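Reader: I have a model open and would like to talk through its architecture with someone. Could you walk me through the details as I ask?

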Amino acid sequence: MHNHDTYDATLAAFRRCYGRAPEVVAYAPGRVEVLGNHTDYNEGYVLSAAIDSGTFFAVARTDAPDCRLTAGDLMREVRFPVDRPEPRRDDGWANYCLGVLAGLRRHDAVRSGFDALFLGNIPLGSGLSSSAALEVSTGLALARLYEIEIDALSLARIGQRAEHLYAGVKCGLLDQISVLFGRQDMLVHTDFRTLDVRTVPLGREIALLICNTHVKHALVDGEYNRRRADCELAAAHFSRVLPHPVTALRDVTWTEWEQQRQGLDERAARRAAHIIGENERVLEGVHCLAARDLAGFGQLMFASHDSSRNYFENSTPELDHLVDAARGIPGVLGARLTGGGFGGSVAALTRLDAAAAAGQALAAAYAARFGDPCEVRTICPSDGARIVMPARQ
Ligand code: ADP
Ligand code: MG
């Protein structure tokens, strides 16, 4: 469903559920990581984009302190008092909204209750961050409803806290920042040490193909935590042997890794090589975009995938096969796994006029090896989260 249809469906469903129109509707898109893998928790750099599908959150105040919250896609409703947004075991989807409400309440008093309903068109759990879209659309809508002044970074943190405390996912800030700061035809360049966020033009003639393998390996959380621990071990090693301060792998250059890794556990050294290489590739990628060198940018994406495969070992045969196939498809500039890895999706950068044929070629290459075709979506970097109702004057 396209965004305008989803918006209309949100208004219709709200009216059906609550017998009136909403006062506020907010929209937040999903996101895709384009370059910079596992760098956010190493205080490094990421290039990402907000995508062109997302979630609409519609809300109106009530006179009572009670709230009703409906997941429009599931047609499930939960009720809770506005001053006690506690995590729930059933209806886990509600936790993202409850966590955000709890975060907003720390900023300001929220007294009256509300009726709310949300509806989205991002596939859930496919690595495009439907969870951040839900948190951010909830946060924007409720902040407007209760007239709470809040800047985008604070809202991003509230979303992250909701994931940590209410959904039990220890995510970084990448998802929420991408969702809030995305712009049409732009990539979001974030420095996760300073939280300085900029946008850099990608260009209108370029699209991303997201190829979802629907493969998710077991023990993903354990692998993720082990990667984090190895990165910390490596940072501690370099802080001992280098003459300058090192608080995270962000502070280590490739040359320093080459010259000073003796004494570091072999596996941790390879993990560090990925992070250090990724940080350098993001900065190089920003230069490529400034010079309109999209072929060069694409090569960095291929190099990023090789690094995941060889150093970080967070790829899979399915993802590797897609990236290998992408190298030979006309119009494809680069491809790499996107997000945490150990399954999930590949993002391929393509010229817009070649996107449809390239997508078919990727799906066919996948089917030739694994039987079923992978799911391919064409996305264009798009504007980030915003209030859509009331419309801006
Ligand atoms: P991802 O963020 O990659 O899509 P997550 O597992 O982090 O995957 O988040 C998916 C969860 O977010 C869903 O299982 C559901 O609980 C919740 N969610 C997000 N959007 C919606 C929606 N439109 N309707 C219902 N639940 C949603
Ligand atoms: Mg998520």
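Predicted model: local features only at pLDDT ≥ 70, side-chain atom pairs only at ≥ 80, totals over all residues.

Reader: How many bridges join E8 to E10, and which residue stands opposite Leu208?

Author: Strand E8 (residues 206-216) and strand E10 (residues 343-351) run antiparallel and are joined by eight bridges. Within this pairing, the residue opposite Leu208 is Leu349 in E10.

Reader: Is strand E6 enclosed or open, and why?

Author: Here "buried" means under 20% relative accessible area, "exposed" over 50% and "partly exposed" in between, with a 1.4 Å probe and protein chains only. On one side of E6, Met186, Val188 and Thr190 are buried, and on the other Leu187, His189 and Asp191 are too. Because six of the six residues of E6 (residues 186-191) are buried, the strand is largely enclosed by the rest of the structure.

Reader: Which strands pair with E6, and over how many bridges?

Author: Strand E2 (residues 45-61) runs antiparallel to E6 and is joined to it by four bridges, with Leu47 opposite His189. On the E7 pairing, Met186 stands opposite Pro201. Strand E7 (residues 196-201) pairs with E6 in the antiparallel sense, and the number of bridges is six.

Reader: Which residue takes a positive phi in the hairpin of E6 and E7?

Author: That hairpin has four residues between the strands. The phi in question is near 60 degrees, and the residue is Leu195.

Reader: How are H3 and H5 oriented to each other?

Author: Axes are lines fitted to C-alpha atoms, for helices over the stretch in contact, with angles from 0 to 180 degrees between N-to-C directions. Helix H3 (residues 130-145) and helix H5 (residues 174-181) pack at about 60 degrees, with axes 9 Å apart. Angles under 35 degrees count as roughly parallel, over 145 as roughly antiparallel, 65 to 115 as roughly perpendicular and the rest as oblique. The two helices are therefore oblique.

Reader: What kind of aromatic pair do Trp257 and Tyr311 form?

Author: Rings of Phe, Tyr and Trp (its six-membered ring) pair if their centres lie within 6.5 Å, with planes under 30 degrees apart stacked, over 60 edge-to-face and the rest tilted. A search of the whole structure finds eleven such pairs. In this one, the centres are 6.3 Å apart and the planes 65 degrees, which makes it edge-to-face.

Reader: Which charged residue sits over the ring of Trp257?

Author: Trp257 is buried, with a relative accessible area of 7%. A charge sits over a ring if NZ of Lys or CZ of Arg is within 6 Å of the ring centre and within 35 degrees of the ring normal. At 4.1 Å from the centre, the residue is Arg261.

Definitions and conventions. Residues numbered from 1 in each chain as written. Chains lettered and ligands numbered in written order. Heavy atoms only, no water. Pairing = 2+ DSSP bridges.
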